[in-house]
Amino acid sequence: MRLMSALYPVLLACLVVVAGCGNPSADQAALVSTGPATAEPAHEPAAMPVPGAPSVLQAAVVASRNLPKPTPAPSSAAAAPGSRAGGGGGGGGATTGRAGRTANTEVTFYGAFDNDPPGSAAIAYPVKHSEAGGTGTYADPITFAADPDYMAVGTLVYYAPLRKYFVMEDLCAPCQDEYQANRHPHIDFYTGGFDSGVTACQASLTPSGLVAVEVSPPPGRAVDTTPLYSNGRCISG
């Protein structure tokens with residue numbers, strides 16, 4: 001019994017070892033489990049570069065070098081078609097607007113001496129002046145007479161041979177008769193002059209045939225403000 005009692009602990013340990021080395025039961029599996037199994041996180045496959053393709057940074061640099069060039073704004077100082085830079089009415093210089101139309105007409109002259117009533121500067125259609133006058137500038141044109149059906153009252157003309165502006169503000173009876181009879185164009189420029197010497201001046205200034213005048217001219221034409229007739233002196237003499 002002494003032997004059995006001595007061997008009993010050894011046999012018992014062997015049984016425990018043999019039981020632990022076999023297939024564990026469900027209860028035993030629970031005892032040896034270390035916890036719930038955890039799945040290892042999946043990894044996304046790395047993007048593979050396409051051979052020869054530029055990177056995003058390279059593409060941005062290339063795009064910045066190929067931006068469209070800005071279109072320059074038109075200059076506000078550009079001259080309008082048909083116009084030239086120049087000064088205002090009064091002095092010499094280039095025109096500042098579109099040219100007026102050309103009218104071919106007979107041109108004559110009259111003064112206070114042969115006005116109606118004689119010896120007066122009375123006018124039929126005061127526009128710029130209360131009586132015939134003017135210096136010949138764009139702002140202060142000289143009076144001229146005509147048939148209102150041919151040249152409307154207030155019409156401005158420029159006569160290049162004398163370098164003066166004129167404005168229609170008087171009635172010319174002979175001009176009216178000619179225009180109404182056969183549409184003959186005729187205008188009469190005022191020379192001033194209250195003495196008989198003005199008639200010789202008028203004759204020296206009168207051209208033959210039809211001559212050109214500019215109707216509705218722009219300001220800025222060359223101007224000579226010398227009176228056509230003054231104190232017995234004619235501009236042509």
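Reader: Where is S216 found?
Author: S216 sits in the loop between β6 and β7. This is a predicted model, and in it S216 has a positive phi, near 55°, although S216 is a residue other than glycine.

Reader: Why does R163 count as partly exposed?
Author: Because its relative accessibility is 40%, and partly exposed covers the range between under 20% for buried and over 50% for exposed.

Reader: Back to the loop between β6 and β7. What about T225, which is found there too?
Author: T225 is in that loop and is partly exposed, with a relative accessible area of 47%.

Reader: What does T225 touch, leaving out residues up to four places away in sequence?
Author: T225 touches T135, T137 and K164. T137 is 88 residues from T225 in sequence, yet their C-alpha atoms are 7.1 Å apart in space.

Reader: How much of the contact in the chain is between residues 24 or more positions apart?
Author: Such pairs account for 73% of the contacts with a separation of 6 or more.

Reader: Step back a bit. How many helices and strands are there?
Author: The chain has five helices and eight strands. Along the sequence the order is α-α-α-β-β-β-β-α-β-α-β-β-β.

Reader: Which way do β1 and β6 run?
Author: Strand β1, residues 101-110, and strand β6, residues 211-215, run antiparallel and are joined by five bridges. T102 stands opposite E214 of β6.

Reader: And β1 with β5, parallel or antiparallel?
Author: Parallel: β1 pairs with β5, residues 186-190, over five bridges. There the bridge partner of Y110 is Y190.

Reader: What is in the largest nonpolar core?
Author: That core has 34 residues, and F144, M151, I187 and F189 have the most contacts inside it. At least two residues each come from β1, β2, β3, β4, α4, β5, α5 and β6. Another core lies apart from it, with five residues, including L156, Y158, V167 and V223.

Reader: What does F144 contact, its near neighbours in sequence aside?
Author: Beyond four places in sequence, the contacts of F144 include M151, V157, F166, I187 and F189.

Reader: How much of the chain is buried?
Author: Buried residues are 29% of the 237 in the chain.

Reader: New topic, pockets. How much space lies in the largest pocket?
Author: About 280 Å³. Its lining has 16 residues, and N115, D116, L171, C172 and A173 lie nearest the centre. β1, β4, α4 and β5 each supply at least two lining residues.

Reader: How does that lining divide by class?
Author: The lining of the largest pocket has 10 nonpolar, two polar and four charged residues.

Reader: And the second largest pocket, what lines it?
Author: 16 residues line the second largest pocket, with G133, G134, Y190, T191 and G192 nearest its centre. By class they are eight nonpolar, seven polar and one charged. The space in it is about 180 Å³.

Reader: Last one. What kind of peptide bond joins D116 and P117?
Author: A cis peptide bond, with omega about 0°. Most peptide bonds are trans. P117 is in the loop between β1 and β2, and D116 is one of the residues nearest the centre of the largest pocket.

Terms used: Residues numbered from 1 in each chain as written. Predicted model: local features only at pLDDT ≥ 70, side-chain atom pairs only at ≥ 80, totals over all residues. Heavy atoms only, no water. Pairing = 2+ DSSP bridges. Helix = DSSP H or I, 4+ residues; strand = E, 2+ residues; numbered from the N terminus. 1 Å grid on protein atoms, 1.4 Å probe; cavity = no way out; pocket = protein on both sides within 12 Å on 5 of 7 lines; lining within 4 Å. Points joined across faces, edges and corners; volume = space filled by probe spheres on them. Nonpolar A, V, L, I, M, F, W, Y, C, P; charged D, E, K, R; others polar. Core = buried A, V, L, I, M, F, W, Y, C linked by side-chain atoms within 4.5 Å. Buried < 20%, exposed > 50% of the residue type's maximum accessible area, 1.4 Å probe, protein only. Contact = heavy atoms within 4.5 Å.
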